[in-house]
Amino acid sequence: MTSPVTVSIADGVALVTIDNPPVNALSQAVRQGIEDAVKAIDADQNVGAAVLACAGRTFVAGADIKEFGQPPQQPYLPDVLSVVEASRVPWVAAINGSALGGGLELAMSCHARIAAPGAKMGLPEVNLGLVPGAGGNIRLPRLVPLETAIAMVTTGKPIGANDALENGLIDRVAGNDLIADARAYGADLIQSGKPIPVSERPPKETPEKEFWFDREKALAAKSRGQASPVEALQALRDGIELPVPEAAEAERDRFLRLRASEQAAALRYMFFAERNTGRPDDVRDVEPLPLERTGVVGGGTMGAGIATAMLLSGLRVDLAERDAEAAEKARERVAGLLDGSRKRGLLSDAAYADALSRFTAHGSFEGLAECDLVIEAVFEDMAVKKDVFTELDRICRKDAVLASNTSYLDINEMARATGDPTRVLGLHFFSPAHIMKLLELVRTDDVSPKALATGFALAKTLRKIPVLSGVCDGFIGNRIMSAYRRECDFILEEGALPHEVDAAMQDYGFAMGIYAVQDMSGLDIAWATRKRRAPTRPAEERYSRIADRICELGRFGRKTGSGWYAYPEGPKSGRPDPVVEQIILEESERLGIERKPLTSDEIIDRILSTMQSEARSVLDEGIALKPSDIDVTLVNGFGFPRHRGGPMFAAGYRD
């Protein structure tokens, strides 16, 4: 079999090229090829330097995912990198695209590094429940300042070429020809001599024990039970404080131990699940509409967020409001969201101006006439939404796709308000729409493959994770969330208080508990949904009145200064409220329930079992295609802790 690693020699410089598409992953064949290349080059006295480069659009972007969960095969990566570092000649890593994980560890084992201007470098192992396992924790703090090293290994976020140069991770940024510049760098090193191997250099900083103690404590609190960030910090400390051979052994032991952990299994599962969300066979080869022009109806919080998401992805957007005054407010809202991205450094001034130039807010629906796709994001009221679809059906091109962003309502009914239900689907965004990654694609009874394919194309353009759902009340995510929210209210009736439920959820790994989340998003929409369902609710169905009584007092969450919690000093000052506690105690008494304390484990067991029961119904009814789609939805849309893998993973499902 032909090796994915080749060597060519010119003017005393060897060019070692890895060609293992699509991302030049460090498969066993690549590792063997690199080791063989080092031996061949060391044996050739005509070679004075080597350049390590990759074919295609990227440098090594990590491990071979086909080997995930499999026993490791020789040669092991740490041994290969030691061979590179010990080479007779200096090696220059020529980094294009992304050098991630083992790819960056490989680059750091070289004696010098040069990167293309757009290159990215990172150690994302933490996001798979791991730590760098091939010397990354040893070499990184010998190249970059300690704070940069900590950030890279504990967050997994990559840095760009200019930041890498400024921090010392690379030595040069290339011009227009990376390989030519890398060869020239190699020629320079033939004259100046081989640099000291990175692992033999002293660490940039060696802080005291108190520093590590404080950082570990803060990181543990931030990680909410995920082990790998704290383990990464500890591995970095070992890489600085221990002798290199001991640090390397400790790092490898830590890596192998974590790789066998349940959290790593859960995070690997989520990695694959997010890349394999269900796409039906009947749209795989269907050409979507071109999405040259998109539209949004409604310029409130959600409509503005959807418009911003599309503008940030390079689309042209027309937004329709009821009149000119509302359109101007929508324009200001979208401009404010874009400006927020600019202030966070995500948009340059030029990109901000370009995004605004592609946006138009109209005081009527007429501006949507030429759009390929229009998404309504108006108030959650069926009559209002049906009127919108009737108007869109009249104004828009007959081949345009029409979509609803509804959270709960029956999109089949909306589709029937048009003359052609085949072009209607659901596109349920999660707030804030320009930030949240999940997009539920709701398949109506009559939707055409072309309309559905256009929905998937939009998700890809927006860089969102698409999950296909059938039509039901709440689709996948909100249906399951509503079920466990009801269960939480029953838990309140039986003995717990809101802050105890929220604390149990946070201890499990949620960023926020259910009641804090409701206060943040507002209680009024869910209240309206409950009132809408009331006429058809079976008389024998258990129903908690606690949330309704809170809403009847005008307590709709942070925006009104009170909800499940009181907010006397602003939206971030939530604290338990005696008014809410009194309502809960009165409801327990009315129902004749003898209240009993519940432990955090008991609360979480109740929540998980309810999630899993409702999720099985979602599967049985064909609303979701597979269990992992449910987990992707709950993790990315509802804050289920990623390192737990989702409720279906926790129940033992694997697909």
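**Exercise 1.** At what angle do helix 1 and helix 2 pack, and how far apart are their axes?

*Solution.* The model is a predicted one. Two packed helices are described by the angle between their axes and the distance between the axes.

Step 1. Helix 1 covers residues 28–43 and helix 2 covers residues 77–85; they pack at an angle of about 25 degrees, with their axes 9 Å apart.

Step 2. Angles under 35 degrees count as roughly parallel, and therefore helix 1 is roughly parallel to helix 2.

Step 3. The crossing of these two helices is left-handed.

Step 4. Helix 1 contributes Arg31, Ile34, Glu35 and Val38 to the contact, while helix 2 contributes Leu77, Val80, Val83 and Val84. Sorted by class, the contact of helix 1 with helix 2 has six nonpolar, no polar and two charged residues.

**Exercise 2.** Determine how helix 13 and helix 14 are arranged.

*Solution.* Step 1. Helix 13 (residues 324–343) packs against helix 14 (residues 349–357) at an angle of about 160 degrees, and their axes are 10 Å apart.

Step 1. Angles over 145 degrees count as roughly antiparallel, so helix 13 is roughly antiparallel to helix 14.

Step 2. The crossing of helix 13 and helix 14 is right-handed.

Step 3. From helix 13, the residues Ala335, Leu338, Asp339 and Arg342 meet Asp349, Tyr352, Ala355 and Leu356 of helix 14. By class, this contact has five nonpolar, no polar and three charged residues.

**Exercise 3.** In what order do the eight strands of the open sheet lie?

*Solution.* Step 1. The order is 12-11-10-13-14-15-16-17, and the pairing is mixed.

Step 1. Strand 12 (359–362) and strand 17 (465–470) are the edge strands, each pairing on one side only. On average, neighbouring strands of the sheet are turned by 25 degrees against each other, direction ignored.

Step 2. Strand 10 and strand 11 run parallel and are joined by four bridges; Thr294 has Val317 in strand 11 as its bridge partner. Strand 14 (residues 401–404) and strand 15 (residues 424–429) also run parallel, joined by three bridges, and Ser404 stands opposite Gly426 in strand 15.

**Exercise 4.** Which residues of strand 11 point one way, and which the other way?

*Solution.* Step 1. In a regular strand the side chains alternate between the two faces of the sheet.

Step 1. In strand 11, Val317 and Leu319 point one way, and Asp318 and Ala320 point the other way. All four are buried.

Step 2. Helix 12 (residues 301–312) lies across strand 11 (317–320), as well as strands 10, 12, 13 and 15. Helix 12 runs at about 170 degrees to strand 10 (294–297).

Definitions and conventions
Residues numbered from 1 in each chain as written. Predicted model: local features only at pLDDT ≥ 70, side-chain atom pairs only at ≥ 80, totals over all residues. Heavy atoms only, no water. Pairing = 2+ DSSP bridges. Axes fitted to C-alpha atoms, helices over the stretch in contact; angles between N-to-C directions. Contact = heavy atoms within 4.5 Å. Parallel < 35°, antiparallel > 145°, perpendicular 65-115°, else oblique. Left-handed = near helix turned anticlockwise from the far one by under 90°. Nonpolar A, V, L, I, M, F, W, Y, C, P; charged D, E, K, R; others polar. Buried < 20%, exposed > 50% of the residue type's maximum accessible area, 1.4 Å probe, protein only.
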